[in-house]
Amino acid sequence: MSTILKVEALRVAIGALTPLSSVSFSLEKGETLGLVGESGSGKSLTAMAIMGLLPLIGGRITGGSVVFDGSDLTALPEPAYRKLRGGRIGLITQNPMTSLDPLKKVGSQIDVVARLHLGLDKSAARNRTVELLGELRIPEPASIYHLYPHQLSGGMKQRIVIAMALAADPDLLIADEPTTALDVTVQAQIIRLLSDLIRDRGLSMVLITHDMSVVAQACDKVVVMYAGTAVEYGTVAAIFDDPRHPYTKALIGCIPRGLAGAQRLKGIEGTVPSVAHYPQGCRFHPRCPRAEAICAAVSPPFIASRDGAAACHFAGAVG
Amino acid sequence: MSEFLEVSRLSKRYTSKRGLFGAARSMYAVNDVSFRMTKGRVVGVVGESGCGKSTLARLILRLIEPSSGAVRFDGLDLLKQRPREMRRLRARMQMVFQDPYSAIDPRYTVADAVMEPFQIQGVRLSSAARSDMISGLLTMVGLNPQTASSYPHQLSGGQKQRIGIARALALKPALLVLDEPTASLDVSIQAQIVGLLERLQEEMGLTYLFISHDLALVKYFCDEVLVMYLGRVVEALPNTDAPARHPYTRTLLDSTFQPDPKLRRRIQPLAGEVPSPFDLGPGCAFAARCPRASERCRVETPLLAASGGGHAVACHHPD
């Protein structure tokens with residue numbers, strides 16, 4: 001397998017603050033990697049850094065690298081980035097309401113991507129769009145093409161956003177909470193669709209989510225994020241069967257399993273610190289049941305295990 | 001065990017005018033819903049957006065007036081109560097709202113917010129009794145009594161939801177209607193709040209009506225479950241181990257992912273999405289998406305019928 005995306009020691013600054021640091025992972029072709037965490041964990045900021053969108057929010061990369069298919073993107077000038085975004089990297093956002101233009105037919109919004117990035121003429125782009133809508137299991141694609149976003153349901157709009165992301169035949173998809181705004185039966189449809197696309201087209205995907213159940217269902221690898229930093233990464237089996245970071249363990253313990261005789265839910269005491277008040281040492285230590293004096297003083301290094309690594313002083317310990 | 005809350009054939013119909021020449025259209029937000037609750041039980045109402053679960057909650061507390069049907073609370077017919085009597089009754093039946101951000105007046109301090117119910121009920125307290133009450137209520141929901149002088153914007157989402165719960169419990173109600181109380185919270189905070197609600201229910205012998213879109217959470221938290229689809233209760237489960245018999249309930253279960261990669265599902269997507277409630281013809285509202293639908297389902301509305309052991313299902317072809 002070859003690596004399509006490699007992020008190393010990524011560090012992002014906005015003004016005088018450093019809302020993101022120490023994020024590293026690599027994504028192989030054909031794989032889906034989950035970036036999971038609660039609000040304020042830095043998962044969406046990681047996606048913006050990869051897509052070169054930090055200037056939009058006044059941010060910049062101040063350390064580390066983002067290597068896409070062999071080339072470093074951190075120094076890429078904006079015109080070249082513009083070719084990459086929507087071209088070889090497709091973006092699927094959480095809210096289809098805001099990523100679609102309410103005044104344009106959905107078909108022509110997809111056309112424009114293929115015309116811009118693949119240089120197709122009007123009718124070729126249109127044929128391609130109708131074909132793509134069919135591939136996304138949209139019924140009667142030729143008539144849907146002529147509808148406006150407000151005429152479509154939430155799940156159908158999200159399919160249109162996925163079609164836009166796929167229109168230029170990308171190698172990598174970045175999906176930022178693609179099912180968070182959807183009902184559970186529609187979420188299941190969209191996750192199935194994305195999994196099929198990854199398999200059939202040999203795509204790779206970074207899936208950003210707050211939902212550990214979605215990660216368990218759809219991802220091969222996982223990066224767990226907390227308070228602007230990665231705390232653990234590994235294969236999906238390692239993360240769920242043998243989590244090494246106390247935060248990962250706690251996060252899994254917070255999810256109701258919907259099974260009879262389930263264990264009591266254990267919340268995590270306290271709240272996620274804000275970027276201006278990140279604690280010294282391990283950022284999780286004020287909420288951590290295992291914390292000792294060293295945790296408040298020394299930022300923990302990553303300790304490798306069989307199929308991953310965790311940034312915890314006790315990650316190597318048994319239990 | 002006493003019948004504590006009895007809802008009989010409750011309906012809420014909305015009519016909309018459709019422009020200058022269009023005919024008026026109507027839809028049932030809640031359609032012919034009947035159920036009973038026993039004191040001290042936790043009953044869950046689950047369904048996707050637009051199923052009528054929040055409207056049902058508001059109808060039960062008479063925050064909106066039903067089109068037809070009856071609600072009996074502790075033997076009293078709520079719809080026959082005059083405003084003054086209703087206000088007194090509301091001290092015994094309270095609601096916790098989904099969005100703790102908009103449920104509290106931003107100009108109120110925490111103390112004002114939790115004491116508001118006393119003010120509405122015209123209860124006067126001495127300043128010593130008042131400050132005892134405030135610190136008692138805040139301690140009960142796991143907040144530091146010093147929080148009393150804070151304003152909502154100084155609190156996190158989880159803290160605000162604790163205030164919402166403290167306020168709902170201030171007058172020692174018997175019934176608490178919880179409308180998606182954790183839906184806008186991070187998962188670690190959701191688990192804290194669920195744990196708090198469990199503890200309060202045990203300590204105070206409260207009765208909960210728990211509205212949620214999250215079937216895993218409902219199965220974890222509730223004793224009995226009502227499943228709603230397009231305004232109707234399609235299945236009533238007497239306990240959370242009872243096997244689902246309605247095809248829609250089974251679909252909801254199959255669409256819910258488990259936080260365990262070993263329990264990955266082969267997702268069999270359900271056709272389509274929830275149809276518009278305005279265009280419902282005769283027959284079962286789920287028929288168009290149902291894998292078991294027969295000709296009968298398209299013409300004859302199935303009614304909720306007891307199938308033994310407190311289980312009831314509204315389906316012509318149940319499992």
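Reader: Which residues of strand 6 of chain A are buried on each side?
Author: In this predicted model, strand 6 (residues 89–92) of chain A is covered on both faces. Ile89(A) and Leu91(A) are buried on one side, and Gly90(A) and Ile92(A) are buried on the other.

Reader: Why do the residues fall on two sides like that?
Author: Side chains in a regular strand alternate between the two faces of the sheet.

Reader: How many bridges join strand 6 to strand 7 in chain A?
Author: There are four bridges between strand 6 of chain A and strand 7 (residues 172–176) of chain A, and the two run parallel. Within that pairing, Leu91(A) has Ile174(A) in strand 7 of chain A as its bridge partner.

Reader: What does Val161(A) touch beyond its sequence neighbours?
Author: Setting aside residues within four places in sequence, Val161(A) is in contact with Ile92(A), Thr93(A), Pro96(A), Ser99(A) and Leu100(A). Val161(A) belongs to helix 7 (residues 154–166) of chain A.

Reader: Is Val161(A) buried or exposed?
Author: Val161(A) counts as buried, because it has 26 C-beta neighbours inside 10 Å, and the cut-off for a buried residue is 20 or more.

Reader: How far is Val161(A) from Pro246(A)?
Author: The C-alpha atoms of Val161(A) and Pro246(A) are 36 Å apart in space, and the two residues are 85 apart in sequence.

Reader: What are the domains of chain A?
Author: Domain 1 of chain A is assigned to 3–88 + 171–257 + 265–311, and domain 2 of chain A to 96–169. Their C-alpha centres are separated by 29 Å. The contact between them takes 10 residues from domain 1 of chain A and nine residues from domain 2 of chain A.

Reader: And which helix gives the most to the domain 1 side?
Author: That is helix 8 of chain A, with four residues. By class, the side of domain 1 of chain A that touches domain 2 of chain A has seven nonpolar, three polar and no charged residues.

Reader: Turning to chain B, where are its domain bounds?
Author: Domain 1 of chain B covers 3–92 + 173–313, and domain 2 of chain B covers 102–172. The C-alpha centres of these two domains lie 29 Å apart. In the contact, 11 residues of domain 1 of chain B meet 12 residues of domain 2 of chain B. Helix 7 (residues 187–204) of chain B provides the largest share of the domain 1 side, five residues. That side is made up of nine nonpolar, two polar and no charged residues.

Reader: What do the buried residues of helix 7 of chain B pack against?
Author: They pack against helix 11 (246–253) of chain A, together with helix 6 and helix 8 (215–221) of chain B. Among the buried residues of helix 7 of chain B are Val187(B), Ile189(B), Ile193(B) and Leu197(B).

Reader: What span should helix 7 of chain B have?
Author: At 1.5 Å a residue, its 18 residues should span 26 Å, and the end C-alpha atoms are 26 Å apart, which agrees. Gly205(B) follows helix 7 of chain B and has a positive phi, near 60°.

Reader: How many residues does each chain bring to the contact between A and B?
Author: Chain A brings 37 residues and chain B brings 36 residues. On the side of chain A that touches chain B, helix 8 (184–201), helix 9 (212–218), helix 10 (236–241) and helix 11 of chain A each supply at least two residues. Helix 8 of chain A gives the most, with eight residues. By class, this side of chain A has 20 nonpolar, 12 polar and five charged residues.

Reader: In what order do the strands of the open sheet in chain B run?
Author: The eight strands take the order 6-7-8-3-9-10-12-11, with mixed pairing. Strand 6 (93–96) and strand 11 (305–306) of chain B are at the edges with a single partner strand each, so one side of each has no neighbour in the sheet.

Reader: Which strands does helix 6 of chain B touch?
Author: Helix 6 (residues 157–169) of chain B packs on the sheet and touches strand 6 and strand 7 of chain B. The direction of helix 6 of chain B makes about 175° with that of strand 6 of chain B.

Definitions and conventions: Residues are numbered from 1 along each chain as its sequence is written. Chains are lettered from A and ligands numbered from 1 in the order in which they are written. This is a predicted model: local features need pLDDT of at least 70, side-chain atom pairs count only at pLDDT 80 or more; totals for chains, interfaces and linings use all residues. Two strands pair if DSSP finds at least two bridges between them. Two residues are in contact if their C-beta atoms, placed from the backbone, lie within 7 Å. Axes are lines fitted to C-alpha atoms, for helices over the stretch in contact, and angles run from 0 to 180 degrees between N-to-C directions. A residue is buried if 20 or more other C-beta atoms lie within 10 Å of its own, exposed if 12 or fewer, and partly exposed in between; C-beta atoms are placed from the backbone. Domain bounds come from an automatic or database domain assignment. Ala, Val, Leu, Ile, Met, Phe, Trp, Tyr, Cys and Pro count as nonpolar, Asp, Glu, Lys and Arg as charged, and the others, Gly among them, as polar. The expected span of a helix is 1.5 Å times one less than its number of residues.
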